[in-house]
Amino acid sequence: MNIDFAGLALERVTGQSLNDYCHKNIFEPLGLKNISMFPTADMKAKLALMHQRKADGSLIGRDHLLRKPLVVERADVKNVFNSAGAGAFSKPSDYARKPFRGLT
């Protein structure tokens, strides 16, 4: 069973979208404010672009692997799959942040 199916199971049990559940039970308690499976306009403006190295060694830009969360309108978010496997958009500092003081 992969992580997307675990996310679907959590949605069915809780009655919440995976993104909403994560915000309420994980992100907010940890004090993470700039993280979401569906980035805001401000987050999109700061998004690092993906690149791919060609055979000759040069780099070319490429589209994000999971494009739908980047282009969906807020009103339509409820109709888009919340992919646990794709993760959330955030700043590297939020991903690397220690969740609790005193833990190493």
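Here are a few stops, each with something to select.

A word before you click: this is a predicted model, where local features need pLDDT of at least 70, side-chain atom pairs count only at pLDDT 80 or more, and totals for chains, interfaces and linings use all residues. Residues are numbered from 1 along each chain as its sequence is written, and side-chain values use heavy atoms, with hydrogens and water left out.

**Stop one: K46.** Select K46 and you'll land in the loop between helix 3 (41-45) and strand 2 (50-53). Helices (H or I, at least four residues) and strands (E, at least two) are DSSP runs, numbered from the N terminus. K46 is exposed, at 62% relative accessible area; exposed means over 50%, buried under 20%, and partly exposed in between, with a 1.4 Å probe and protein chains only.

**Stop two: N19.** Jump to helix 2 (residues 18-27), where N19 sits. N19 is buried, with a relative accessible area of 8%. Leaving out residues up to four places away in sequence, N19 touches S36, M37, F38 and N82, contact being heavy atoms within 4.5 Å.

**Last stop: V80.** Show V80 together with F38, K68 and V72, its contacts once neighbours within four places in sequence are set aside.
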